[in-house]
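Here is a short briefing to read alongside your structure.

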Amino acid sequence: MKRRQFVQGVGAAGSFGAIGMLPGCASTGRGSGLRVVVVGGGYGGATAAKYVRMWSDYGIDVTLVEPNSTFISCPISNLVIGGSKTMADITTPYDNLVKRHGVRLVQDMVTRIDPDKRVVMLAKGGELPYDRLIVSPGVDFMWENLPGMGKEGARDKVLHSWKAGAQTLALRQQLQAMPDGGVFAMTIPLAPYRCPPGPYERACQVASYFSKAKPKSKVLILDANDDVTSKGPLFKKAWADRYAGMVEYRGKHKLADVDAATNTLKFEFNDDVKAAVLNVIPDMRAGDIAVKTGMATANKRWCDVDFLTFESKAVKNVHVLGDSIQIAPAMPKSGHMANQHGKTCAAAVVALLTGKQPNPMPVYTNTCYSFVSDEDVVHVASVHRYDAEKMTMLPVPGAGGVSSAANELEGRYAMAWARNIWADTLA
């Protein structure tokens, strides 16, 4: 398959099914009395909630616990920071999960999981029993690695904006308030972290805004990694050709601390950097509830799972999705991948609860689009297949690929991808 055909098929046509999963599904009939609780309504959790209902013929009761009243997409959120999209453009209500699919939505936080009793405890009081639990808590930040960010007011001034929502808009406002001629300095943690190309896309979006509104300003990228971790040549070409003299990239800059009072970044082996606006993307780990429950067994950061079912290797009857897992080789922590996790897990959960065998050979796709301007886009795409001998997901050789150059056509594909995956997850 030619690369353009692959991108059109995955991005524009909205083909988000994890290939080969459906044989593991089985109809339960209605009123089975089986209960699934899903913690976290992002790409992984919301998809799993919807598809457990659908693939059980609406026979399994599903409760989704999510503290936010609406779904806000991390993919496309950098365009809000750049100014070409609004928060409304990346926000979708959970209404259809409730009205069309009968998912029970509980707007709350899970404070504790009791795997022995199979119940979750809620922050507002009460508990929810489950037969199978699906946990998709995203990432939380390792603030302990940056002592200065623990000082009062530091995190309100120096933003990460790595969870789409209030900080997305706040960072946009900081850029608007910054005088022309100022420097925007962004730090990137060592991989793995959520959305490998995301920081470099953000640099492009800030530079795009500066080129129109603040042409004397600069973008400084301070990366703990040796080099750009995703689509490196394409991003570097954009910085050199589109934003010449405006964007500076420095690798091997591992952040050691932040002095929010003076807007100063401190590094392990490099000189301090001061800037008008700081954007600190910290080290990440699995979401708090997964860590508290003992599922973060990989370096105490990420959750090891069985890739056929996404069941935790540490806690029985609990499945973990999305950015919280210890990834398979070449598997990105992305929204598209979390959607695929959600479907694979949903099929497996329905099978396990009905005495069936989960599909032994799941295959799924991933596409990450990155806007290098407000219209032109580059992508990386891949296909992943389960390897029974190695008991993990492996990339399929020769499948997928990377853009040859940024272009407006891929920009249209990217927005079609966004609309389709939002619908696939939430409609």
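Two strands count as paired if DSSP finds at least two bridges between them. Please keep in mind that this is a predicted model.

- Three strands make up an open sheet, ordered S14-S15-S16, with antiparallel pairing.
- Strand S14 (255–259) and strand S16 (273–274) each have a single partner strand and stand at the edges, so one side of each is left without a neighbour in the sheet.
- Strand S15 (residues 264–267) pairs with S16 in the antiparallel sense over 2 bridges.
- Across from threonine 264 you will find lysine 274 in S16.

**Asparagine 225**
- Look for asparagine 225 in the loop that runs between strand S12 (218–223) and helix H8 (232–241).
- Asparagine 225 counts as buried because its relative accessibility is 9%, and the cut-off for buried is under 20%.
- Leucine 190 lies 35 residues away from asparagine 225 in sequence, yet their C-alpha atoms are 5.3 Å apart in space.
- Beyond four places in sequence, the residues that asparagine 225 touches include Ile188, Pro189, Leu190, Tyr249 and Lys252.
- The asparagine 225 side chain also reaches the backbone oxygen of proline 189, at 2.9 Å.

**Helix H11**
- Helix H11 (residues 408–426) has 19 residues and should span 27 Å at 1.5 Å a residue, which agrees with the 27 Å between its end C-alpha atoms.
- At the start of H11, asparagine 407 places a side-chain oxygen within 3.1 Å of the backbone nitrogen of leucine 409.

Technical notes:
Residues are numbered from 1 along each chain as its sequence is written. This is a predicted model: local features need pLDDT of at least 70, side-chain atom pairs count only at pLDDT 80 or more; totals for chains, interfaces and linings use all residues. Side-chain values use heavy atoms; hydrogens and water are left out. Helices (H or I, at least four residues) and strands (E, at least two) are DSSP runs, numbered from the N terminus. The expected span of a helix is 1.5 Å times one less than its number of residues. A polar contact is a pair of N or O atoms within 3.5 Å; within protein, one must be able to donate a hydrogen and the other to accept it, and residues adjacent in sequence count only if both atoms are side-chain atoms. Buried means under 20% relative accessible area, exposed over 50%, partly exposed in between (1.4 Å probe, protein chains only). Contact means heavy atoms within 4.5 Å.
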